[in-house]
Amino acid sequence: MSGQAVPVVIVGAGPTGLTAATLLARHGVECLILERWEGVYAQPRAVHLDGEIHRIVAHLGIADEFAAISRPCLGLRLLDRNMRVLTEFHRAPGPGMHGYPEANMFDQPQFEELLRANLTRYPGATLRGNVEVTGFAHDETGGVRVDFTDRSTGVHESVRAGYVLGCDGANSMVRDRIQTTMRDLKFEQRWLVVDVATTADLGEWEGVHQVCDPVRAATYMRIGETRYRWEFRLKPGETADDYREMTRLHPLISPWTRTTPIEDLELVRVAEYTFRARIADRWRDRHVFLLGDAAHLTPPFVGQGMGAGMRDAMNLAWKLAGVLGGDLPESTLDTYEIERKPHALALIRRAKFVGTAMTEGGDLGNLLRRVVLPLLHGVPGLGDKIMAGETPALHRSGLIERPRLRGSRAGRLIPNPVLGEGRRFTEVVAGRFAVVTSVSPTAEQRTDIDRRGGRLLLVRPGSDLHRWLRRGHARAAIVRPDGTVLRSGNNLSGLCAALPRFHTGYMPTLLAR
């Protein structure tokens, strides 16, 4: 392979890298994924993704497959140290604004198997496992030479890439090589993470249980038909080794397992994790980008760790495709960090706040748990807001014209309703720019939209998208290939003139090779 050239090299084949590779391949961009391990890491890690990430999963072409291995989560229950309910927020199991359940529990190894199998449908994507990326260097033509070693043979190889995506996790080699640092956001806690399998019916409410206790904070959730996850904050001096036997662990999980015989509980995994809040100072060095845990680390309290990386991939892939295809200027790539970094930081801070409120001591923490939390359930509309699937709007950039007007749709995701023939917005638009309008365009405007490679959606009065436009005080909107609104307003002519040229299509799901 030495000397071969490929438009994009992706370092790391976790969910972020596999998502980026699939999206690029569906846009017709050839890519090479280099992964240190031969296969999927078999132990459970992430167990939750929200409706927005489920929408990305559907965009990859595996909505039905993912639905078969996941289960909706019914909400959040906050408990005190004596297992008394402080407050409870319910979440409906049906589709939310993104077209899918707003909280989904799953087993990460199963999910990664789906992502890998799906990637084989696209001949433009090549995954090489059991290789160690040893370094890279920009060359005089603007490309990047990537050096790696085949771990099974010891052979040293290299490949020339137009762009490199560092999706290689928290200990990222790519991040080290571009000499950026992780800014510490002052949150660090050691937790015991436990996965148990049992066919017994535990009889528990099927939402997330969060024990709010500065002494022994805990989380419980059901993640599959026979799989359960517990997380316990470790006390000083404790380690995971103290709980590798079910007899030692059982006192911690018994408030949920109750009368289930200990011999009916199979200990799948016990691990220690240090939950941290960090973000990279710089996400790019020329043609090298950081995505996922290489760029940001978030505590797990709002279930956004893995999803943040998949959002990175969704944001960057179509922009790279447009630049490589000649439709978009290279300056387009500047918008990646401008848009994604503040969004990731906002979710990290949200997770940090929730984690602190649920687990820290002191007078303020105790007052919050004893007095404030029990009152939350009675605040009208608060539960809906807490359980809503909408994340913060992206910041203004060269691809988001976000006015300082309340209610503007720019920077936010468009809803994903069924538009006809059982197809949702994402399927109908199929990776293109779209003009969504309640105003009938002229023949000239229709021609212009088509010439620029866009998709026109004329929405009917009373339809979901018509109501969405009206709530945003707009009659039309430009929607990007990632579903984000570039601009909204009432002047259809001005919107049509602002529609970028983008002819990079989106392949349908192909048959397996």
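Where is Asp 107 found? In this predicted model, Asp 107 lies in the loop between strand 7 (103-105) and helix 4 (108-119). Its relative accessibility is 10%, and Asp 107 therefore counts as buried. Apart from neighbours within four places in sequence, the residues in contact with Asp 107 are Pro 44 and Arg 227.

The largest nonpolar core contains 108 residues. Those touching the most other members are Val 9, Ile 10, Leu 24, Phe 111, Val 146 and Leu 165. Helix 7 (residues 305-324) supplies the largest share of this core, with ten residues. A second, separate core comprises 21 residues, among them Leu 79, Met 246, Leu 252 and Ile 253.

With neighbours within four places in sequence left aside, Val 146 is in contact with Val 9, Leu 34, Val 133, Gly 135, Phe 136, Glu 157, Ser 158, Val 159, Ala 161 and Val 164. One of these contacts, Val 9, is also listed with Val 146 among the core residues that touch the most other members.

The structure holds zero disulfides. For Cys 167, the closest cysteine sulfur is that of Cys 31, at 10 Å, which is too far for a bond. Cys 167 counts as buried because its relative accessibility is 9%, the cut-off for burial being under 20%.

How values were computed. Residues numbered from 1 in each chain as written. Predicted model: local features only at pLDDT ≥ 70, side-chain atom pairs only at ≥ 80, totals over all residues. Heavy atoms only, no water. Core = buried A, V, L, I, M, F, W, Y, C linked by side-chain atoms within 4.5 Å. Buried < 20%, exposed > 50% of the residue type's maximum accessible area, 1.4 Å probe, protein only. Helix = DSSP H or I, 4+ residues; strand = E, 2+ residues; numbered from the N terminus. Contact = heavy atoms within 4.5 Å. Disulfide = S-S within 2.5 Å.
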